[in-house]
Amino acid sequence: QVHLVESGGGLGQPGGSLRLSCAASGSIRTINYMGWYRQAPGKQRELVAIITKGDSTNYADSVKGRFTISRDNVKNTVYLQMSSLKPEDTAVYYCKTAVQYDYFVQAYWGQGTQVTVSS
């Protein structure tokens, strides 16, 4: 079992910055990828950014150039630096990781952290 703990959400100003963190703990062998998803009220959960074990990254078009994902492999922690925030970035942000075991891959989700962008 893997436990994900997210932190860093809250209220951000339009044009401002926030940084999210997500630490994974528990029975971890190899983390294939870690990523951030978000879900706004009345909308489906969507991918924000993902980083693989090889440090390849992928971003949603809506956040490219504004958000940066990074990871600390020693701490099993992923970060999301959010800059130039927009009101439409308001959502619950969820951390996700895919852990490779001997014969299967298991995905885990965090509990979510609220990000609200408003003046």
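Q: In what order do the four strands of the open sheet stand, and what makes them count as paired?
A: In this predicted model, in which local features need pLDDT of at least 70, side-chain atom pairs count only at pLDDT 80 or more, and totals for chains, interfaces and linings use all residues, the order is β1-β3-β8-β7 with antiparallel pairing. Strands here are DSSP runs of E with at least two residues, numbered from the N terminus, and two of them pair if DSSP finds at least two bridges between them. Residues are numbered from 1 along each chain as its sequence is written, and side-chain values use heavy atoms, with hydrogens and water left out.

Q: Why are β1 and β7 called edge strands?
A: Strands β1 (2-7) and β7 (67-72) each pair on one side only. Neighbouring strands of this sheet are turned by 15° against each other on average, direction ignored, where the axes are lines fitted to C-alpha atoms and angles run from 0 to 180 degrees between N-to-C directions.

Q: How do you know that β3 and β8 are paired?
A: Six bridges join β3 (residues 18-26) to β8 (residues 77-82), and the requirement is at least two, so the antiparallel strands qualify as a pair. Within this pairing, R19 stands opposite Q81 in β8.

Q: Why is T97 called buried?
A: Buried means under 20% relative accessible area, exposed over 50% and partly exposed in between, with a 1.4 Å probe and protein chains only; T97, in strand β9 (residues 91-100), has 0% and therefore counts as buried. Leaving aside neighbours within four places in sequence, T97 is in contact (heavy atoms within 4.5 Å) with residues including V2, L4, I31 and Y33.

Q: Why does Y94 count as buried?
A: Y94, also found in strand β9, has a relative accessible area of 14%, which is under 20%, so Y94 is buried. Not counting residues up to four places away in sequence, Y94 touches, among others, E6, W36, R45 and W109.
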